[in-house]
Amino acid sequence: MIPQQTKSLKRQHHKLADVQEQINILEHGSTGDFALVPFQQKLAESSLYPLKPVEMGIFQVNLGKMCNQVCKHCHVDAGPDRKEIMTTETMEECLNALRRNPQLQTVDLTGGAPEMNPHFRWFVEEIKALGRHVIVRCNLTIIMANKKYHDLPQFYKQHRVEVVSSLPFYTQDRTDRQRGNGVFEDSIKALQLLNGQGYGVDGTGLVLNLVYNPAGAFMPPAQDALEKEYKQALKEQYGIVFNNLFAITNLPISRFLDYLLQSGNYEKYMEKLVGAYNPVAAANVMCRNTISIGWDGYLYDCDFNQMLDMKVDCSSKHIAQFNTEILAGRNIVVNQHCFGCTAGSGSSCGGAVT
Ligand code: SF4
Ligand code: SF4
């Protein structure tokens with residue numbers, strides 16, 4: 001079945017396509033008079049303000065906003081109508097930065113659907129030639145979307161790429177409601193192809209991690225218990241195996257912010273996140289050891305700041321002037337959306353942080 005297609009907020013000329021509008025809502029609510037304790041103040045109470053980086057180890061590259069899906073909760077506002085993708089010139093600059101900085105051992109490729117960038121495979125091969133570990137955030141359905149992507153599992157295996165894939169739930173209805181009609185069925189087929197190459201299978205060293213994220217205005221349940229549930233259900237019903245489940249909190253930006261506002265849940269959700277602030281999670285937020293590179297080469301503290309166009313607060317603002325010493329001295333730019341990373345067990349691209 002073809003995934004249900006809708007348009008990105010940008011294509012709809014939606015008011016939330018303007019990041020300043022999103023920031024205004026985050027700071028003052030949709031009516032202008034809703035103010036919660038500032039995230040900066042909570043960090044100060046935990047002796048973490050200004051938030052400083054620790055040693056940078058993860059180089060996360062956003063290859064573009066183009067995607068074959070239009071998921072309801074997408075913080076990128078990705079979709080088939082988004083044309084912004086990274087050029088080979090910018091990729092070359094990324095490779096130069098990696099060459100100069102051997103401490104950047106992990107390269108995390110994201111999008112959109114990163115595989116839709118026509119230079120994706122070349123880029124993976126070049127990064128691997130530098131001896132770095134590559135993670136790809138594969139949405140699974142891209143493998144089934146077109147004949148030219150059917151051999152992605154073999155390509156991943158050949159280059160020992162770690163695959164991280166969203167599967168919002170192990171049932172069809174909940175997955176399709178969030179990601180579009182037919183997504184669950186294609187995701188299952190893609191997972192079976194990945195398993196067929198040895199991904200997620202004990203002893204192969206080929207890592208396949210799945211990502212859960214809540215279908216509504218609530219926080220994820222405990223990651224360990226949910227992982228057991230997923231493993232049992234997917235094995236019993238589809239013979240699928242995988243390594244770890246990452247339980248991620250939806251951050252109140254872009255299309256998930258739109259959902260919160262439309263459903264009348266925004267204020268309640270923010271109060272929930274603020275009430276669940278966890279200083280241990282705050283000390284471990286992913287922006288402290290990650291740098292995020294946008295499709296156009298600009299640098300951000302994380303993928304969420306990237307989507308809010310909040311660039312790093314220092315003079316090394318673009319991959320062409322990538323300088324780890326300058327970046328190490330910066331203050332991480334934070335705002336109210338950050339409460340999504342510090343609630344409960346915390347949340348990052350690798351799931352819970354505590
Ligand atoms: S959540 Fe992922 S798969 Fe879904 S539209 Fe966004 S980038 Fe694409
Ligand atoms: S949203 Fe980004 S900057 Fe804010 S705490 Fe999370 S990772 Fe850090």
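Let's start with ligand 1: 13 residues surround it, and the closest are Cys-67, Cys-71, Cys-74, Ala-78 and Asn-139. "Surround" here means that a residue's C-beta atom, placed from the backbone, lies within 6 Å of the molecule. That shell divides into 7 nonpolar, 5 polar and 1 charged. For the bookkeeping, Ala, Val, Leu, Ile, Met, Phe, Trp, Tyr, Cys and Pro count as nonpolar, Asp, Glu, Lys and Arg as charged, and the others, Gly among them, as polar.

Quick housekeeping: this is a predicted model, where local features need pLDDT of at least 70 and side-chain atom pairs count only at pLDDT 80 or more, while totals for chains, interfaces and linings use all residues. Residues are numbered from 1 along each chain as its sequence is written, and chains are lettered from A and ligands numbered from 1 in the order in which they are written.

Now ligand 2. Its shell splits into 9 nonpolar, 2 polar and 1 charged, and among the residues around it are Cys-287, Asp-301, Cys-302, His-337, Cys-338 and Cys-341.

Let's stay with Asp-301. Is Asp-301 buried or exposed? Asp-301 is buried, because 27 other C-beta atoms lie within 10 Å (buried takes 20 or more, exposed 12 or fewer, partly exposed is in between, with C-beta atoms placed from the backbone). Asp-301 sits in the loop between strand S8 (299-300) and helix H14 (303-307); helices are DSSP runs of H or I, at least four residues, strands are E runs of at least two, and both are numbered from the N terminus. Leaving out residues up to four places away in sequence, Asp-301 touches Cys-287, Ser-292, Val-312, Ile-332 and Val-333, where touching means C-beta atoms, placed from the backbone, within 7 Å. From Asp-301 to Cys-338 is 37 residues in sequence and 11 Å in space, C-alpha to C-alpha.

Last stop, helix H8. Within H8 (residues 172-179), Thr-175, Asp-176, Gln-178 and Arg-179 are the buried ones. Down the axis of H8 they fall within an arc of 165 degrees, so they line one face of the helix; the arc is that of the directions from the helix axis to the C-beta atoms. Part of the cover over those buried residues is helix H9 (183-196). On the H8 side, Gln-172, Thr-175, Asp-176 and Arg-179 meet Val-183, Phe-184 and Ser-187 in H9. Those contact residues come out as 2 nonpolar, 3 polar and 2 charged.

Methods
Contact = placed C-beta atoms within 7 Å.
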